[in-house]
Amino acid sequence: PSIVAMNRQTNKIIAVGHEARLMQGKTHDNIKTIRPLKDGVIADFEASEFMIREMIKSIPALKKRLFPPSLRMVICIPSGITEVEKRAVRDSAEHAGAKEVYLIHEPMAAAIGIGIDVEEPMGNMIIDIGGGTSEIAVIALGGIVCDKSIRVAGDDFTNDIEEYMRRQHNILVGERTAEQIKIEVGAALSELADPPPEYAVRGRDLMTGIPKEIKVTYTEVAHALDKTISKIEEAILSALEMTPPELSADIYKNGINLISGE
């Protein structure tokens with residue numbers, strides 16, 4: 001997870017990733033948790049740099065090296081990113097120790113990752129729903145023919161669930177709990193052939209102020225996420241409208257590839 005925990009007094013980073021995520025929502029005044037990336041781009045330059053450094057240190061092959069090697073980095077970026085935001089990503093990587101930095105658009109990286117031959121004269125549609133952005137792209141001949149990037153994604157799903165629990169059940173839950181609900185009983189459809197079991201949610205009752213437990217079903221979550229999913233559907237339709245007819249025929253034949261980058 002792209003989360004960093006920092007000591008407020010000394011400004012020192014004390015945890016990164018899974019360890020920092022466990023602290024989220026449970027910190028005292030001296031510790032704060034930061035999400036260095038917001039809406040797919042860098043929001044906190046210093047925390048991003050430290051996070052990249054820690055990721056490099058965790059690579060098993062580099063732990064045995066006495067001297068740090070000359071690093072080449074490939075970093076995924078949203079297709080709707082600006083030049084200034086690109087520069088911030090490149091600078092963070094270089095400060096963290098990269099000698100060469102290559103930026104690749106997320107849909108292209110996702111297509112390569114799932115084994116699509118992107119060099120072929122064949123149209124493939126990729127929908128990459130990440131944490132901060134949803135990337136929709138049609139790929140052919142090693143490039144992106146048309147794309148649509150919207151800042152609506154996994155974080156918005158989490159916020160929708162938090163809001164739904166507060167409004168519908170009068171229960172206050174934190175970001176981590178809302179995300180766990182999304183993972184356990186998240187659904188885009190209110191009717192599933194193989195539905196997940198009910199999930200027990202614990203939080204603070206807004207009426208009494210005491211801890212409370214309720215059971216949540218996938219149908220409720222599907223209802224909570226309906227508006228946000230509709231925005232992603234609109235973006236997909238917009239991308240399809242821009243697609244050349246020959247590639248549209250390929251997409252009809254091959255279908256759409258849905259990837260989660262969160």
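**View 1. E246 is an exposed residue of the predicted model.** With a relative accessible area of 64%, E246 is above the 50% cut-off and so counts as exposed. E246 lies in helix α9. That helix covers residues 245-254.

**View 2. Helix α6 packs on helix α8.** Helix α6 spans residues 154-169, and helix α8 spans residues 218-242. The angle between them is about 140°. Their axes are 9 Å apart. At that angle, α6 is oblique to α8, because the roughly antiparallel class takes only angles over 145 degrees. The crossing of α6 and α8 is right-handed.

**View 3. Side by side, the residues of the α6 and α8 contact.** From α6 come D156, F157, D160, I161, Y164 and H169. From α8 come E220, V221, H223, A224, L225, T228, I229 and I232. By class, this contact of α6 with α8 holds eight nonpolar residues, three polar and three charged.

**View 4. Helix α6 also packs on helix α7.** Helix α7 is made of residues 175-185. The α6 and α7 axes are 9 Å apart, and the angle is about 105°. An angle from 65 to 115 degrees counts as roughly perpendicular, so α6 and α7 are roughly perpendicular to each other. On the α6 side, the contact is made by G154, F157, T158, I161, E162 and M165. On the α7 side, it is made by E175, A178, E179, I181 and K182. Five nonpolar, two polar and four charged residues make up the contact of α6 with α7.

**View 5. The whole chain, for context, has nine helices and 14 strands.** The C-alpha atoms fill a box of roughly 60 × 55 × 30 Å along the principal axes. The chain has 262 residues, and 39% of them are buried. Its accessible surface comes to about 15,200 Å². Carbon and sulfur atoms account for 52% of that surface. Contacts between residues at least 6 apart in sequence were also sorted by separation. Of these contacts, 58% join residues at least 24 apart.

Terms used: Residues numbered from 1 in each chain as written. Predicted model: local features only at pLDDT ≥ 70, side-chain atom pairs only at ≥ 80, totals over all residues. Heavy atoms only, no water. Axes fitted to C-alpha atoms, helices over the stretch in contact; angles between N-to-C directions. Helix = DSSP H or I, 4+ residues; strand = E, 2+ residues; numbered from the N terminus. Parallel < 35°, antiparallel > 145°, perpendicular 65-115°, else oblique. Left-handed = near helix turned anticlockwise from the far one by under 90°. Contact = heavy atoms within 4.5 Å. Nonpolar A, V, L, I, M, F, W, Y, C, P; charged D, E, K, R; others polar. Buried < 20%, exposed > 50% of the residue type's maximum accessible area, 1.4 Å probe, protein only. Areas by Shrake-Rupley, 256 points an atom, 1.4 Å probe, with all protein chains shown as cover.
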